[in-house]
Amino acid sequence: MEKTLILLKPCTVQRRLIGEVINRIERKGLRIVGLKMMQLDDAILNEHYAHLTERPFFPWLVSSMKSAPVVAMCVEGNSAVTVVRNIVGATNGRKAAPGTIRGDYSMSGQENIIHASDSIESAEIEMKRFFREGEIFEYPDPLHDFMYAPD
Ligand code: UDP
């Protein structure tokens, strides 16, 4: 089982799409093992988006991510990192394929609804960045065999 980190961005909170996006993630079969609302600040955003600090849109990205709370989630499933990135779609909502979350709910390269870790390594780092010990849960999954027959 793999875990990955998801942020529902302030635009998603403002547009009252939290439930709709969570519904898609759960419907796919991923399990929520951590969930909370957070107000992000410069410190955590400078760390989270360190790979983008030199890009011209960086100040706007930070201010957008601070404009309202986000919903942070940790979800679990087989190949969760790849499965979630596939459901999320390409970065720019106008280019993301229909059927993906960004493709269905976003018209923007910036206000693109959701962040999802892009590798197992970044998922590990990002889960620690947004969740403290005790905020990620382990609990039995009685539906496991219905979700995952051997491939
Ligand atoms: N972003 C932007 N313009 C760009 C590229 C990225 O506004 O040309 C924003 C967008 O909100 C994106 C975030 O910066 O989700 C992080 O960019 P990254 O390249 O990590 O893309 P992601 O992994 O979110 O698809």
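Student: Where in the chain is the place of Ile-113?

Tutor: Ile-113 sits in the loop between H6 and E4. Keep in mind that this is a predicted model.

Student: Is Ile-113 buried or exposed?

Tutor: Count the C-beta atoms around it. The cut-off for buried is 20 or more others within 10 Å. Ile-113 has 25 within 10 Å, so it is buried.

Student: What is noted about the phi of Ile-113?

Tutor: The phi of Ile-113 is positive, about 75°, although the residue is not a glycine. Arg-16 is another non-glycine with a positive phi, of about 60°. Arg-16 lies in the loop between H1 and H2. It has 8 C-beta neighbours inside 10 Å, so it counts as exposed. There is also a glycine to look at: Gly-89 follows H5, and its phi is positive, near 90°.

Student: How many bridges join E1 to E3?

Tutor: Seven, and the two strands run antiparallel.

Student: Is E1 largely enclosed or open?

Tutor: Count its buried residues. Six of the seven residues of E1 are buried, so the rest of the structure largely encloses this strand.

Student: How do I read a core? Which residues touch the most other members?

Tutor: Start with the general idea. In soluble globular proteins, nonpolar side chains tend to be buried together. Now this case. The largest nonpolar core has 29 residues, and Ile-6, Val-75, Val-84, Ile-101 and Ile-114 touch the most other members. At least two core residues come from each of E1 (2-8), H2 (18-28), E3 (70-77), H5 (80-88), H6 (101-105), E4 (114-116) and H7 (120-130).

Student: What is Ile-114 in contact with?

Tutor: Skip its neighbours within four places in sequence. Ile-114 then contacts Ile-6, Leu-7, Leu-8, Lys-9, Thr-12, Val-21, Val-88, Ile-101 and Arg-102.

Student: How do I read one face of a helix? Which residues of H5 are buried?

Tutor: An α-helix has 3.6 residues a turn, so residues three or four places apart point the same way. In H5, the buried residues are Ala-80, Val-81, Val-84, Ile-87 and Val-88. Seen down the axis of H5, they fall within an arc of 135°, so they line one face of the helix. They pack against E1, H2, E3, H6, E4 and H7. Asn-86 is also in H5. It has 13 other C-beta atoms within 10 Å, so it is partly exposed.

Student: Where does UniProt place the feature "binding site"?

Tutor: UniProt, in an unreviewed entry, places "binding site" at Lys-9, Phe-57, Arg-85, Thr-91, Arg-102 and Asn-112. Lys-9 is in the loop between E1 and helix H1 (10-14). With 24 other C-beta atoms within 10 Å, Lys-9 is buried. Leaving out residues up to four places away in sequence, Lys-9 touches Met-65, Val-70, Ile-113, Ile-114 and His-115.

Student: Is Phe-57 buried or exposed?

Tutor: Phe-57 has 11 C-beta neighbours inside 10 Å, so it counts as exposed. Find it in the loop between helix H3 (42-48) and helix H4 (58-66).

Student: Which residue does UniProt list for "active site"?

Tutor: His-115, from an unreviewed entry. His-115 lies in strand E4. It is partly exposed, with 18 other C-beta atoms within 10 Å. Residues up to four places away in sequence aside, His-115 touches Ile-6, Leu-7 and Lys-9.

Definitions and conventions: Residues numbered from 1 in each chain as written. Predicted model: local features only at pLDDT ≥ 70, side-chain atom pairs only at ≥ 80, totals over all residues. Core = buried A, V, L, I, M, F, W, Y, C linked by C-beta atoms within 7 Å. Buried ≥ 20, exposed ≤ 12 C-beta atoms within 10 Å, placed from the backbone. Helix = DSSP H or I, 4+ residues; strand = E, 2+ residues; numbered from the N terminus. Contact = placed C-beta atoms within 7 Å. Pairing = 2+ DSSP bridges. UniProt positions renumbered as here; feature names shortened; annotations may be inferred. Arc of directions from axis to C-beta.
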